[in-house]
Amino acid sequence: MKYELLEAQAKLSRAIRRQQSTHSHHGFKMIALVIENEGIKASKLAEILDIRPASLTDAVDRMEKHGLLYRVPDENDLRSNLIYTTDKGKELVLNRKKDQADLDEIINSVLTPEEIETYCKISEKLVDHLKTLEPKETEHKHRHMRRLHREGSNE
């Protein structure tokens, strides 16, 4: 049997997403960062998340609409907003962390400590290598892999 690494990783990612709450990983990460840095400037949050300020604005708009985050104008710089979490946002993160711990326990019960260590080492090795590739090279490969993924998920 030939193992297709990216296909296997995609299947694992889909299985994990099905076990998690409805909010995206990126949204969860953003709310968790705001909890750790209540009143963070929007520009600083965009920098930490490594996203464009416009993308952050869109994401915060959606989370405000869902009652997870809210903005307050910065008194020291009226062009900036400070971002805070609501009780609902804090509850979401608390529940998501519990869900992740439960899922981690389930996954760890299936694998041996050696298998977990090997998987983590291989993942780190691949991530380190991918970071060395030129953006154009990775962009082309990402488009190709997304196309293959779409074709594979339509079967």
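These entries go from the whole chain to single residues.

**Entry 1: the whole chain**

I note at the start that this is a predicted model. I counted the secondary structure of the protein chain and got 7 helices and 3 strands. I then read along the sequence and wrote down the pattern α-α-β-α-α-β-β-α-α-α. I looked up burial next: of the 155 residues in the protein chain, 21% are buried. I also checked the contacts in the protein chain with a separation of 6 or more, and residues 24 or more positions apart account for 54% of them.

**Entry 2**

I went through the pairs in turn. Strand 1 is joined to strand 3 (residues 77–85) by 2 bridges. In this part of the sheet I found lysine 41 opposite leucine 82 in strand 3. Strand 2 and strand 3 are antiparallel and pair over 6 bridges. Here aspartate 74 stands opposite aspartate 77 in strand 3. I followed the chain from strand 2 to strand 3 and found a hairpin that joins them through 2 residues.

**Entry 3: helix 3 and the residue after it**

I listed Leu45, Ala46 and Leu49 as buried in helix 3. They cover an arc of only 100 degrees around the axis, so they sit on the same side of helix 3.

I then looked at aspartate 50, which comes just after helix 3. Aspartate 50 lies in the loop between helix 3 and helix 4. Its phi is positive, about 60 degrees, although aspartate 50 is not a glycine. Is aspartate 50 buried or exposed? Its relative accessibility is 71%, and the cut-off for exposed is over 50%, so I wrote down aspartate 50 as exposed.

**Entry 4: helix 4**

I checked the length of helix 4 (residues 53–65) first. Its 13 residues should span 18 Å at 1.5 Å a residue, and the end C-alpha atoms are 18 Å apart, so the two values agree. What is buried in helix 4? I found Leu56, Ala59, Val60 and Met63. Seen down the axis of helix 4, the buried residues fall within an arc of 100 degrees, so they line one face of the helix. On the face turned away from this buried side I found the exposed residues Arg62 and Lys65. Just after helix 4, I noted that glycine 67 takes a positive phi of about 75 degrees.

Leucine 56 counts as buried because its relative accessibility is 3%, and the cut-off is under 20%. Leaving aside neighbours within four places in sequence, leucine 56 is in contact with Met30, Ala42, Leu45, Ala46, Leu49, Ile51 and Ile83. I followed up one of these, Met30. Leucine 56 and methionine 30 are 26 residues apart along the chain, and their C-alpha atoms are separated by 9.2 Å.

**Entry 5: the largest nonpolar core**

I looked up which members of this core touch the most other members. The core has 19 residues, and the ones I wrote down are Met30, Ile31, Leu45, Leu56, Leu69 and Ile83. Helix 2 (25–36), helix 3 (42–49), helix 4 and helix 5 (87–110) each supply at least two residues of the core. Helix 2 gives the most, with 6 residues.

I then checked isoleucine 31. Apart from its neighbours within four places in sequence, isoleucine 31 is in contact with Met63, Leu68, Leu69, Thr85, Gly89, Leu92 and Val93.

**Entry 6: threonine 86**

I ended with threonine 86. Threonine 86 lies in the loop between strand 3 and helix 5. With a relative accessible area of 18%, threonine 86 is buried, since the cut-off is under 20%. What does the side chain of threonine 86 reach at 2.5 Å? I found the backbone oxygen of glycine 67. Not counting residues up to four places away in sequence, threonine 86 touches Gly67, Leu68, Leu69 and Tyr70.

How values were computed:
Residues numbered from 1 in each chain as written. Predicted model: local features only at pLDDT ≥ 70, side-chain atom pairs only at ≥ 80, totals over all residues. Heavy atoms only, no water. Helix = DSSP H or I, 4+ residues; strand = E, 2+ residues; numbered from the N terminus. Expected span 1.5 Å × (residues − 1). Buried < 20%, exposed > 50% of the residue type's maximum accessible area, 1.4 Å probe, protein only. Arc of directions from axis to C-beta. Pairing = 2+ DSSP bridges. Core = buried A, V, L, I, M, F, W, Y, C linked by side-chain atoms within 4.5 Å. Contact = heavy atoms within 4.5 Å. Polar contact = N/O pair within 3.5 Å; in protein donor to acceptor, adjacent residues only side chain to side chain.
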